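I opened the model to look up its pockets, the course of its helices and its salt bridges. My entries follow in the order in which I made them.

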Amino acid sequence: VKKGSVAACSICKWVRAMIVYDKVAKDVEPKKKSLAEAEASMAKAMKTLGDKKAELQVVLDKVKTLQDNLEAAKQKQRDLQDQVDDCTKKLSRAEKLLGGLGGEKSRWISSSEQLGIAYTNLTGDVLVSSGIIAYLGVFTAAFRNEACTHWVGLLKEQGIPASAEFSLQEVVGEPIKIRQWT
């Protein structure tokens with residue numbers, strides 16, 4: 001056709017190109033529709049995936065919170081158990097101490113009574129001790145004992161309380177220092 005007319009050749013080429021374009025367009029058009037549908041479906045799936053990921057993150061956060069709470073509760077349980085063990089040990093030691101101190105009560109009562117008597121007799125005992133130290137240091141032990149007995153008797157007559165069995169060591173002496181002398 002090119003030999004006959006250049007214009008007819010060009011029209012022929014254009015018609016052939018339109019036929020090829022039509023064939024390709026008819027073949028591509030359904031594929032474009034399928035692509036658009038697939039993209040829409042993919043967008044919907046991606047949106048659903050995003051929603052599900054957000055829900056999953058919420059659940060994972062709750063699980064993490066619950067695990068943290070569980071660990072804190074376990075730690076608190078361990079701490080409380082340690083406190084129970086400590087209290088049990090302290091209670092046991094306290095019971096042993098109280099059992100050991102049970103005998104001390106009677107000793108303290110006795111000591112308290114003796115201190116009460118010593119307090120009552122303090123005035124007369126200090127008076128006799130002062131007299132011994134001031135006046136009787138150079139005399140013999142027998143004379144000192146006789147003078148002490150006489151002075152205690154005079155104190156009783158005057159109503160001044162004093163120990164019946166007077167001992168200078170008990171009134172002014174310190175047992176630890178006296179022990180060191182011997």
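**Pockets**

I began with the lining of the second largest pocket, whose residues divide into six nonpolar, three polar and two charged. Here Ala, Val, Leu, Ile, Met, Phe, Trp, Tyr, Cys and Pro count as nonpolar, Asp, Glu, Lys and Arg as charged, and the others, Gly among them, as polar.

I noted that the model is predicted: local features need pLDDT of at least 70 and side-chain atom pairs pLDDT 80 or more, while totals for chains, interfaces and linings use all residues. Residues are numbered from 1 along each chain as its sequence is written, and side-chain values use heavy atoms, with hydrogens and water left out.

I took a pocket as an open set of points on a 1 Å grid over the protein atoms alone, where a 1.4 Å probe fits, with protein on both sides within 12 Å along at least five of seven lines; lining residues have an atom within 4 Å of a point. Grid points are joined across faces, edges and corners, and a volume is the space filled by probe spheres set on the points.

For the second largest pocket I read a volume of about 240 Å³. Helix H3 (residues 141-158) gives the most to its lining, with five residues; helices are DSSP runs (H or I, at least four residues) numbered from the N terminus. Among the lining residues I listed Ile132, Arg144, Cys148 and Phe166.

The largest pocket holds about 290 Å³ of space. Of its 13 lining residues, Ala118, Asp125, Ser163, Glu170 and Val171 are the closest to the centre. Helices H1 (6-120), H2 (122-135) and H4 (168-172) each give two or more residues to this lining, which divides into six nonpolar, four polar and three charged residues.

**Helix H1**

I found a kink of about 35° in H1, centred on Gly102; the bend is the angle between axes fitted to the seven residues ending at a residue and the seven starting there.

**Salt bridges**

I counted six salt bridges, each a side-chain nitrogen of Lys or Arg within 4 Å of a carboxyl oxygen of Asp or Glu. Glu55 and Lys52 form one at 3.9 Å, N to O, and both lie in H1, three residues apart. Asp68 pairs with Lys64 at 3.2 Å; these two also lie in H1, four residues apart. Glu71 meets Arg78 at 3.3 Å.
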